[in-house]
Amino acid sequence: MLKEQIRQGFLFEALRPDLDAVEDLIRQQAVAFDPGVQVYISYLLDSGGKRFRPALALLAGGATAGVPHDGHRRLGVILELIHVATLVHDDIMDGAELRRKMPTAAAKWGSALSVLLGDCLFAHALDLASRYDNTVVSRAVAAASRDVCTGEILQTQRRFDLNLRREDYFRMIEMKTASLFACATGVGAYLSGASEEVCARLRLYGLKLGSAYQIYDDCLDLIGSEKKAGKTLGTDLAKGKLTLPLILLIEEATEAQKAKLNAMLLQREPVDASVLAGIADYEGAIEAALATSERMLKEGVTALEGLTGTVYGEGLEEIVSYVEGLIAACRSGG
């Protein structure tokens, strides 16, 4: 997990107390719900995860304020609740059975209950965001939540659509994934009293990091190992989601190959990797997508210029290195 990666490095002493505090706060949120609901919420919140968004909020806060404070910790909790809510809903739509090596809420309790659990988490996160002294944070969190849901709607609309362009895909992943990363870093800087220019640069860093991570995750869905990933893979193909490697693949296909694939998609026939491998340069498309992810990471690091002089600023670079390591593992079949 990301927490373990950070703790094994130079951030061990600097970030550990804040990450531990956020983890405790996340798990405590179950008590805010009716006793009949608490057991479900606890299951979702106790399942762990990388805690990317809380770590980013803490690091952005520390990089701009010297050390993170309670406002940054609360922001991390809020964004993690929203993230967990989106995962609950994603797993329903994808029919996924595993998440973090555990049964998904949908697999455990069914779709109807799981939808409501995700809604509860969304509502609770927005309630927490409303408790800041001004409306800036709550408005930013609400906007990010709206973007996440909008991105998912757009992606659902464009399933089985061979006319999906790279630009459309980049916009969708920026909304559905990168918006929460950007909220963590941009609002984290705002809570430190940073200038508008610094807040904008940290927000840009978050957008690039989040987009890069989603591209990596989309590639992992195609070529990764479920045992190593700890979650159900192959759902994008099964559900007709055209992610970047598939878009690049289609761009290189001949007209006859596109027609064949289009016929399959129109009939909603399952399309697996073996079918795509016979249409164009499948491995080349995966590599091109991963290279795009790496370029975005470099753009994110560029946005940090002048902000990495502290252990927290260096931590923002460390997360980029961590994602680069994930990409390298993906190339080797991880």
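Asp70 is partly exposed, with a relative accessible area of 39%, where partly exposed denotes the range between buried (under 20% relative accessible area) and exposed (over 50%), computed with a 1.4 Å probe on protein chains only. This is a predicted model, in which local features need pLDDT of at least 70 and side-chain atom pairs count only at pLDDT 80 or more, while totals for chains, interfaces and linings use all residues. Residues are numbered from 1 along each chain as its sequence is written, and side-chain values use heavy atoms, with hydrogens and water left out.

The side chain of Asp70 meets that of Arg74 in a salt bridge of 3.9 Å, N to O, a salt bridge being a side-chain nitrogen of Lys or Arg within 4 Å of a carboxyl oxygen of Asp or Glu. Because the two residues are four apart in helix H5 (residues 70-94), about one helical turn separates Asp70 from Arg74; helices (H or I, at least four residues) and strands (E, at least two) are DSSP runs, numbered from the N terminus. Arg74, at 28% relative accessibility, counts as partly exposed. Arg159 is buried, with a relative accessible area of 16%, and Asp94 counts as buried at 14%. By the stated rule the count comes to 19 salt bridges, and those that share partners join Glu23, Arg27, Asp46, Arg51 and Glu80 into one network.

From these charged pairs we can turn to the chain as a whole. Its secondary structure comes to 17 helices and two strands, and 52% of its 334 residues count as buried. Among contacts (heavy atoms within 4.5 Å) between residues at least 6 apart in sequence, 76% join residues at least 24 apart.

In soluble globular proteins, nonpolar side chains tend to be buried together. A nonpolar core is here a set of buried Ala, Val, Leu, Ile, Met, Phe, Trp, Tyr and Cys residues joined through side-chain atoms within 4.5 Å. The largest such core has 93 residues, of which Leu121, Tyr205 and Leu209 touch the most other members. Helix H10 (residues 196-223) gives the most to this core, contributing twelve residues. When neighbours within four places in sequence are left aside, Tyr205 is in contact with Leu56, Thr185, Gly300, Ala303, Leu304, Leu316, Ile319 and Val320.

The side chain of Asp218 does make a polar contact with the side chain of Tyr169, at 2.5 Å. A polar contact is a pair of N or O atoms within 3.5 Å; within protein, one must be able to donate a hydrogen and the other to accept it, and residues adjacent in sequence count only if both atoms are side-chain atoms. Not counting residues up to four places away in sequence, Asp218 touches Tyr169, Ile173, Asp236 and Thr243.

The aromatic residues complete this walk through the structure. A search of the whole structure finds eight aromatic pairs, rings of Phe, Tyr and Trp (its six-membered ring) being paired if their centres lie within 6.5 Å, with planes under 30 degrees apart counted as stacked, over 60 as edge-to-face and the rest as tilted. The rings of Tyr40 and Trp109 have their centres 4.8 Å apart and their planes at 90°, so this pair is edge-to-face. The pair links distant parts of the chain, with Tyr40 in helix H3 (residues 35-45) and Trp109 in helix H6 (residues 105-109), 69 residues apart. Tyr40 is partly exposed, with a relative accessible area of 24%, and Trp109 is partly exposed at 26%. The rings of Tyr43 and Trp109, with centres 5.2 Å apart and planes at 75°, are likewise edge-to-face.
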